[in-house]
Amino acid sequence: MTHPAQPKASHFINGEYVEDTAGTPIPVIYAATGEQIATVHAATPAIVEQALSTAKAAQKAWAKMTGTERGRILRRAADIMRTRNRDLSVLETYDTGKPLQETLVADATSGADALEYFGGLAGSLTGEHIPMGEDWVYTVREALGLCVGIGAWNYPTQIACWKGAPALACGNSMVFKPSETTPLCALKVAEILHEAGLPAGVFNVVQGMGEVGGALVTDPRVDKVSLTGSVPTGKKVYAAAAAGMKHVTMELGGKSPLIIFDDADVENAVGGAINGNFYSSGQVCSNGTRVFVQKGIKEKFLARLAERTGAAVLGDPQDEATNFGPMVTENQMNIVLGYVEKGKAEGARLICGGNRADLPGFFIQPTVFADVTDDMTIAREEIFGPVMSVLDFDTEEEVIARANDTEFGLSAGVFTNDFSRAHRVIGQLEAGSCFINSYNDAPVEAPFGGVKASGVGRENSKEAIKHFSQVKSVYVRMGDVEAAF
Ligand code: NAD
């Protein structure tokens, strides 16, 4: 019997599901059991061509609609997503393995927020009038044209919406390629947008590995590439886009610091560290995986952290009582277990976890290492799994220097009850998305993105509009033209 997660076809192009079984089969494995639940096929060159030419052709008419009309469609799609939240969450759980307890509140709901927010902004995208004496200049905020979105596997619905909603609000069309690991959810986003009235061809989904991503990025018809992925992929995609002078947004990896001062509320700090390391089983780019704890509070913090981490419920992710799911793939599980072994070998003190869980599927116990030093592998490299490193510090000055000593710069957090210190420290941390007495909040109203190797550009908020549009200026002369000859 066909599993309910199996999509009607692999791709969604020009307003309908499209199949080409000549493409390499991509198995979809349910991370909680290891069983294959669906198959899609990577896009063949013919499918890539169909998606790009359709999106290119559809964009001009879409941009000519008023912003209010475009926005109405996006907001209608948001409503449909909310109505179907449970079904979409169940699918997200099959696609990623994340527990339903999370997906019910973090995925389709966050996608719907993006559609609603950018739908609301679409009618207010205007230029300026700049007086120049008798003459004047006016500016027009224009769409970029055809945009490509490429997603990572941790938030397949959210990533499709975070890229699609602002792109479409500005009058662009999009070809979106989900991660080959989680190909299912973006198809539902495309289906819902079309049900909400989106003209055919404006938002298309094609499947495939890096090769298909590469074909999209290098096509001369493409004006912008927005990638969510790792730093090595980001460097390749950025370079390929530069060769065609295309706009880019790069949402990449991190190894973010979370700094806890002696005067912090311990329960809140432990809660922040749990949210910043174990949500989605640690598969979150902005996670605060280097937890710097001031020496005076260290043992109290570790004791409560171990106690509360022990309350994690691992198990069937479709059971709403489960709050901690598996790694997305067996390969990812093995990579993370490799880092755990490195942590042990390099002398970090294991506080809890540290092993594969005794369950079917790709579960790793939530793991905490203490006495981690700056030079250890687990403190330097992005692990993208449930492995928290706790490091000690003495002074504010010292911790700022150590927190910034990394190639990454996605996020940073500070827990303290001294508000001047909180703002002083955050002001000096080299990171794009920061938190005070909290961690990992990502509402659509707030800009999201990194500095240094963690990325270029911003998603969400009004900032995203700037990255999916450009400004044309028009000088208007009222009098005669003076010329030298
Ligand atoms: P990845 O870099 O392996 O793949 C990301 C996407 O890029 C996939 O769709 C992949 O098929 C595609 N791709 C790979 N090579 C390509 C190429 N040469 N040209 C075009 N496309 C190519 O990342 P992943 O393993 O799927 O995701 C995990 C990484 O993503 C982590 O580093 C994580 O930090 C990062 N991430 C960042 C954010 C953010 O917003 N900053 C969010 C989620 C994940």
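A backbone N or O atom of Leu 252 lies 2.8 Å from a nitrogen atom of the ligand. Taken alone, the ligand exposes 850 Å², and the protein buries 86% of that. Areas are accessible areas from the Shrake-Rupley method with a 1.4 Å probe. The model is predicted: local features need pLDDT of at least 70, side-chain atom pairs count only at pLDDT 80 or more, and totals for chains, interfaces and linings use all residues. Residues are numbered from 1 along each chain as its sequence is written, and side-chain values use heavy atoms, with hydrogens and water left out.

Two further pairs involve oxygen atoms of the ligand. One such atom is 2.7 Å from a polar backbone atom of Gly 151. An oxygen atom is also 2.6 Å from an N or O atom in the side chain of Thr 233. Polar contacts are pairs of N or O atoms within 3.5 Å.

The ligand is surrounded by 27 residues, counted when a heavy atom lies within 4 Å of it. Gly 151, Glu 180, Ser 230, Thr 233 and Glu 382 are the closest. The shell divides into 12 nonpolar, 11 polar and four charged residues; Gly counts as polar, and Asp, Glu, Lys and Arg as charged. At least two shell residues come from each of α8 (210-218), β10 (224-228) and α9 (231-243). The largest share, three residues, belongs to α8. Helices (H or I, at least four residues) and strands (E, at least two) are DSSP runs, numbered from the N terminus.

Strand pairing was also examined. Strands pair if DSSP finds at least two bridges between them. β5 (residues 129-132) and β6 (residues 135-143) are antiparallel, with four bridges. His 129 has Tyr 138 of β6 as its bridge partner. The two strands, β5 and β6, form a hairpin with two residues between them. In its turn, Gly 133 has a positive phi of about 70°. β6 also runs antiparallel to β20 (residues 469-476), joined by eight bridges. There, Val 137 is partnered by Tyr 475 of β20.

Conventions: Polar contact = N/O pair within 3.5 Å; in protein donor to acceptor, adjacent residues only side chain to side chain.
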